[in-house]
Structure formats: C-alpha cells, structure tokens
Amino acid sequence: MGKSFVRFLGSGDAFGSGGRLQTCIYADLGASRLLIDCGGSAMVSIKRWRIDPATIDAILITHLHGDHFAGIPFFILDAQLVTKRIRPLLIAGPPGVESRVKAAMELLFPGSSQIRRNFEVTFVELVENQAMVIDSLTITAYPVVHASGSTPFALRVECGGKIVSYSGDTEWTDSLIQAAKGADLFVSEAYFYDKQVKNHLSYKTLLERKKELTCRRLMMTHMSDDMLGRLEQLEIDYAEDGKCVFI
Ligand SMILES: [Zn+2]
Ligand SMILES: [Zn+2]
C-alpha cells in the first residue's frame with residue numbers, strides 16, 4: 001500500500017493475438033487510480049485481476065479505436081447496474097470523445113446514454129501539447145500518427161511526483177520523445193518486429209530510437225503475432241496481461 005504501481009490489465013492488440021486482452025492499463029498513483037485506455041475487453045480484465053471498478057477515478061483515452069475505448073459503455077453500465085457507483089467519473093480523451101462514447105453506447109445498448117445515473121460522468125477533451133491539471137492529475141497529450149477519426153495522442157500522466165506515459169498506437173514520431181521525457185515508466189506500442197507500416201511502430205525502430213527516450217523504464221505492449229513469436233529475442237521489456245510494475 002502507498003506505493004504507486006501500474007498493472008497491465010490488457011496488453012494485446014485489436015485482434016486478440018496470443019489470447020491477450022485489449023489495451024487497458026491500470027495505474028494506482030496514490031492520490032488517483034485510473035485506467036489508461038479501456039479496450040473492449042476492459043471489464044473482463046478489471047474483474048479478472050480483482051480491481052474494484054468503483055475505486056477508479058478516471059479513464060484516459062489515447063485514441064478513439066475500439067480496442068482502446070470500446071470498454072467504456074460496459075464500464076458505465078457496470079457502474080450503474082452492478083457496482084452502484086456514486087463517485088464521479090472523469091473520462092478524458094481526444095476531441096469528440098464524448099460524442100463517440102455516447103454513439104457507441106447507443107449502438108450497443110439503445111437508450112443507455114440518456115439514462116439518469118447516481119454518479120456524474122465528466123468528459124474532458126484533451127488539447128495537444130497542453131498540460132491539463134484535473135484534481136491530482138496533470139495530463140499532457142502529445143499528437144501522434146495513427147488514423148482514428150480524431151487526433152490520436154501519446155499521454156503523459158503525472159500524479160504525486162510519479163510519471164507514467166503511454167504512446168497509444170502510432171508510427172514513430174518525435175513527440176514520443178516528449179511523452180517519455182523523465183517518465184518513471186514509458187509504455188510504447190511495438191506492433192511488428194521489423195516490418196515498417198503506417199500507423200504502427202516496429203520493435204527495430206523503437207530499439208534504434210531507445211537512446212532518445214529519457215524514461216527510467218521502457219516497456220512494450222500491443223504486440224502482434226509477429227512479435228509474440230519472438231519474445232525470447234527481444235531486448236526491451238514487454239507487458240503481459242496481469243503484469244504489475246512498481247514505479
Ligand atoms: Zn488504434
Ligand atoms: Zn490498438
């Protein structure tokens with residue numbers, strides 16, 4: 001207790017590669033407990049690792065792809081119907097996050113976005129390259145390169161002197177250097193081993209650029225089968241579902 005930590009609730013890609021759950025990073029930063037991304041399988045992973053969803057203060061979203069935000073409708077419905085949440089919930093993400101979440105809710109559970117609840121949900125649109133202070137959190141969103149219908153971000157979260165950053169999904173962009181700067185933990189996607197594609201980063205590129213990242217600890221996530229088949233060759237630490245890292 002009292003120690004800040006991150007637990008990877010979901011370390012997979014969009015397609016269930018390796019049987020891994022979709023992106024969901026739980027961070028207990030002392031003064032605040034939050035999820036960074038909330039992929040479609042988030043409620044499964046929250047319950048699998050016995051986290052009480054009612055204790056989560058905030059959900060921060062890197063970009064508006066289903067494997068990063070589609071868990072929110074289920075989270076809100078669980079809070080309303082199962083957990084009986086009272087504590088307010090903050091949802092912060094790219095421009096349009098509120099309308100995209102509400103549209104997803106209406107599509108999946110018609111009427112669910114309009115229902116009266118016993119807890120308040122506050123949506124905040126993050127602004128690129130601007131540190132935003134919300135309660136005990138200082139959140140900075142750096143624009144990255146990943147087509148997703150709105151600006152995709154790498155997120156840097158500071159709380160109680162600890163800094164956790166996450167690349168979201170992106171190909172290499174120098175804004176990752178800013179996001180990782182001074183972080184206790186920087187989590188980076190590494191989708192392919194050495195294949196260069198648009199929108200995603202390869203392990204080889206990350207390895208080449210590693211010296212530019214001034215984080216204390218670097219971990220990879222969001223790996224495809226191409227990466228998962230070569231885990232023993234990797235020289236950078238990587239996430240696994242359920243893995244806990246003290247920071
Ligand atoms: Zn994506
Ligand atoms: Zn993704």
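This is a predicted model: local features need pLDDT of at least 70, side-chain atom pairs count only at pLDDT 80 or more; totals for chains, interfaces and linings use all residues.

Q: Where does K84 lie, and what is its phi?

A: K84 lies in the loop between α3 and β5. Helices (H or I, at least four residues) and strands (E, at least two) are DSSP runs, numbered from the N terminus. The phi of K84 is near 55 degrees, a positive value in a residue other than glycine. N199, in the loop between β11 (185-189) and α6 (203-209), also has a positive phi, near 75 degrees. N199 counts as partly exposed, with 15 C-beta neighbours inside 10 Å.

Q: How should I read a sheet, and what is the order of the strands in the open sheet of seven strands?

A: Strands of a sheet pair through backbone hydrogen bonds, either parallel or antiparallel. Here two strands are said to pair if DSSP finds at least two bridges between them. The open sheet has the order β6-β5-β4-β3-β2-β1-β13, with mixed pairing. β6 (121-125) and β13 (244-246) stand at the edges with a single partner strand each, so one side of each has no neighbour in the sheet. From one strand to the next, the twist averages 20 degrees; axes are lines fitted to C-alpha atoms, for helices over the stretch in contact, and angles run from 0 to 180 degrees between N-to-C directions. Within this sheet, β2 (residues 24-28) and β3 (residues 33-36) run antiparallel and are joined by four bridges. I25 stands opposite I36 in β3.

Q: Which residues of helix α3 are buried, and what covers them?

A: In an α-helix there are 3.6 residues a turn, so residues three or four places apart point the same way. In α3 (residues 72-81), the buried residues are I72, P73, F74, F75, I76 and A79. Their cover includes α1 (42-48), β4 (58-60), α2 (66-69), β5 (89-93), α4 (97-108) and β6.

Q: Is strand β9 buried or exposed?

A: Seven of the seven residues of β9 (residues 153-159) are buried, so the strand is largely enclosed by the rest of the structure. F153, L155, V157 and C159 lie on one side, and A154, R156 and E158 on the other. β9 pairs in the antiparallel sense with β8 (residues 137-143) over six bridges, and with β10 over five bridges. L155 is the bridge partner of A141, while V157 stands opposite V164 in β10. The hairpin of β9 and β10 has two residues between the strands, and G160 there takes a positive phi near 55 degrees.

Q: Which residues does G168 touch?

A: Two residues are in contact if their C-beta atoms, placed from the backbone, lie within 7 Å. Not counting residues up to four places away in sequence, G168 touches T62, H63, V144, H146, P152, F153, A154 and L155. G168 is in the loop between β10 (162-166) and α5 (175-180) and is buried, with 29 other C-beta atoms within 10 Å.

Key: Residues are numbered from 1 along each chain as its sequence is written. Chains are lettered from A and ligands numbered from 1 in the order in which they are written. A residue is buried if 20 or more other C-beta atoms lie within 10 Å of its own, exposed if 12 or fewer, and partly exposed in between; C-beta atoms are placed from the backbone.
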